[in-house]
Amino acid sequence: MKQDTVEIIRNALKGLKNRWGTEALPRIEVEIPRNGSMGDIATTVAMRLTKSLRKPPREIAAEIVEKIKEQQPDMFESVETAGPGFINFRFSREFLLKSLAGLLQKGRHALRTDTGKGRRIQVEFVSANPTGPLHVGHGRGAAVGDALCNILKAAGFDVQKEFYINDAGLQVRLLGESVFARYRQLTGNNVPFPEDGYRGAYIESIAKEIHDRYGDRYREETFEECGEFFTGYAYRMMLAAIEKDLRDFGVVFDRWQSERELYSQGKVKEALDELRSKGLLYEKDGATWFRSSRFGDDKDRVVIKQDGEYTYFASDISYHRYKLQRGFDTIIDIWGADHHGYVPRIRSVLEAFDLPPDKFRVILIQMVSLLRHGEPVQMSKRAGEFITLREVMDEVGADITRFIFLTRRADSHLDFDIDIAKEQSAENPVFYVQYAFARISSLFRQASERGLGSGDTETGEADLTLLSENEEISIIKKLFQYIMVLEGAAHSCEPHRITYYLQELAGMFHAYYYKHRIISGDDKLSRARLCLCRGVHIVLEDGLGLIGVSAPERM
RNA sequence: GCGCCUGUAGCUCAGCAGGAUAGAGCAACUGACUUCUAAUCAGUGGGUCGGGGGUUCGAAUCCUCCCAGGCGCGCCA
């Protein structure tokens, strides 16, 4: 619908090119007017041309309108200039009804777009340290990342979802040490608990599991002797727990990349060698530095420390180089907002490896504050006291949690009130949308009992021209805005736009349902209206699918 | 000190890639259930878009300065 409109405008502009004597045509942008009475879709192209043509925008708009009318597009009922130089289009009823019929025939396939053109995108998200359970912040990252990937796929991109496992550093060793210390307590042969060790209860349960299985076998050994066992055991358990939490949250990754593997496969050394050959590494004060300042970073960064150890940044360099080697056109990293200082650094790396700057995007996820009865829940990571994603999921449910995570832009703070989330009330927008879907499902059940079909064109054989109420036409228009919203969400990497759209569509449906009877004594009209309901049903289901929320048949 | 993010209705937030008269939900108030699911609907009030300057045909949106809040500024991970 958008594409068709743009095409018609482009044709008109081409037709006017000679008269205007211009070479390049401007980008044709269409938008949905704020006020529906202005039109269904509008373009500002005339105003954009005013500078190069040195003519008043209204005059240009009038010329374009005239040219468009020469094409006699049956899509539109009217095309007119308005305001400072807008061109407003109003879709014809025939076109809208034909589009609805198309949607019913093709189903969700009609809702795909190909702005991605199969380009390959890699999205890395969550990437939590495997040293403890996922917390709510990770959950938000997971919800945003997963929804974004669904959206990008629906927009025609070839997407890979990846989780990067920081399994090489000190943190994982510290996890092993913490478990070891707890284990020793169980054997009655205490060792000091590591400073900065992990103190959560999950550490104790891992220690207990080891003790249950192996008894006092490691009672007398030092951590140097059996640390590998403890670290490996604890790490595998944590990773398995993380994977399970994510799966239960509805998030499944295509690939898990281990940091340690980057080392063992020599990729870190390779990456640094390449930088060195490009003259981007140098030695100073006994350390090796990367010239990130050459690419806009504040200062150069150390990659190999004085003691000969690699920094965390070194493996990150190799990781991002490896992403590029795997042939992705675009790299998207989703991080907690507290890591924003890292952006220029990684950007430098990708530029050093010749990725154009616009092919790398970072989405920063702002903090989630958990509330209960409006009061903040105290959390202390050091003491291991924090609410996990698992707890929230178990208490309020995955659907609600995911939806709420997507009711805000990723980069704005989110207050998550557990009590309000649990309440099945009007305060809870999830139900509002799901209820619209369930309501329609219920209509279909009743319709089929009465032999009316359920709005499928095959069984319905409905006469769509019976759809003549204002609300009906408005809903049809809204259905076809879905694709524009999808494209916008993909372009801007903002999944929350889908969430807002769904609330609007659900709202329009609820109002329509209340005002007009769907299944009435008039079978023909009932069939037509069921078709409209089917359209809404399809779009709601698709949109909920994108944000990873279920579409229940009953509530 | 430097950098990034945020500041829009009483509250929580949208506002799409500069566009037309700045929106929604909640709260408040007034109404609607013998009805296809009231987890719903109709209506009312509510704004100096943090502030100043600039760019332009046009700014909540872009630039700049200031104010307020948050987060970062390691040879930690």
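What follows is a set of questions and answers on a predicted model of chain A.

Reader: What makes up chain A in terms of helices and strands?
Author: Chain A has 20 helices and 15 strands. Its C-alpha atoms fill a box of roughly 85 × 65 × 40 Å along the principal axes.

Reader: How many of the 555 residues count as buried?
Author: The share is 53%. Buried here means under 20% relative accessible area.

Reader: What share of the contacts in chain A with a separation of 6 or more comes from residues 24 or more positions apart?
Author: Such residues account for 72% of them.

Reader: Why is K161 called buried?
Author: The relative accessible area of K161 is 7%. The cut-off for buried is under 20%. K161 therefore counts as buried.

Reader: Where is K161, and what does its side chain meet?
Author: K161 is in strand β6, residues 158-165. Its side chain joins that of D146.

Reader: What makes the pair K161 and D146 a polar contact?
Author: The two side chains are joined at 2.8 Å. A polar contact needs N or O atoms within 3.5 Å, one able to donate a hydrogen and the other to accept it. The pair therefore qualifies.

Reader: Which residues does K161 touch, leaving out those up to four places away in sequence?
Author: Among them are V123, F125, C149 and K153. V252, F253, D254 and R255 are also touched by K161.

Reader: Which sheet holds β6, and in what order do the strands run?
Author: The order is β7-β6-β5-β11-β12. These 5 strands form an open sheet with parallel pairing.

Reader: What makes β7 and β12 edge strands?
Author: Each pairs on one side only. β7 spans 255-258 and β12 spans 360-365. Neighbouring strands of this sheet are turned by 25° against each other on average, direction ignored.

Reader: How do you know that β5 pairs with β11 and with β6?
Author: Pairing needs at least two bridges. β5 (residues 120-124) has 4 bridges to β11 (residues 330-336). β5 has 5 bridges to β6. Both counts meet the cut-off, so both are pairs. E124 has D333 as its bridge partner in β11. R120 has D158 as its bridge partner in β6.

Reader: What makes β5 mostly covered?
Author: 4 of its 5 residues are buried.

Reader: Which helix packs on this sheet?
Author: Helix α5, residues 136-154, packs on the sheet. It touches β5, β6, β11 and β12. The direction of α5 makes about 160° with that of β6.

Reader: How does the span of α5 compare with the one expected?
Author: α5 reaches 27 Å from its first C-alpha to its last, close to the 27 Å expected at 1.5 Å a residue. Just after α5, G156 takes a positive phi of about 95°.

Reader: Why is S315 called buried?
Author: S315 has a relative accessible area of 0%. That is under the 20% cut-off, so S315 counts as buried. S315 lies in helix α11, residues 312-325. Its side chain reaches the backbone oxygen of Y312 at 2.8 Å. S315 also touches Y164, E259, L262, Y263 and V268.

Reader: How do you know that β3 and β4 are paired?
Author: 6 bridges link β3 (residues 76-82) and β4 (residues 86-91) in the antiparallel sense. At least two are needed, so the strands pair. F76 stands opposite F91 in β4. The hairpin has 3 residues between the strands, and G83 takes a positive phi near 55° there.

Reader: Which residues have the most contacts inside the largest nonpolar core?
Author: They are I64 and F416, in a core of 146 residues. Apart from that core lies another of 29 residues, including F290 and F313.

Definitions and conventions: Residues are numbered from 1 along each chain as its sequence is written. Chains are lettered from A and ligands numbered from 1 in the order in which they are written. This is a predicted model: local features need pLDDT of at least 70, side-chain atom pairs count only at pLDDT 80 or more; totals for chains, interfaces and linings use all residues. Side-chain values use heavy atoms; hydrogens and water are left out. Buried means under 20% relative accessible area, exposed over 50%, partly exposed in between (1.4 Å probe, protein chains only). Contact means heavy atoms within 4.5 Å. A nonpolar core is a set of buried Ala, Val, Leu, Ile, Met, Phe, Trp, Tyr and Cys residues joined through side-chain atoms within 4.5 Å. Axes are lines fitted to C-alpha atoms, for helices over the stretch in contact, and angles run from 0 to 180 degrees between N-to-C directions. The expected span of a helix is 1.5 Å times one less than its number of residues.
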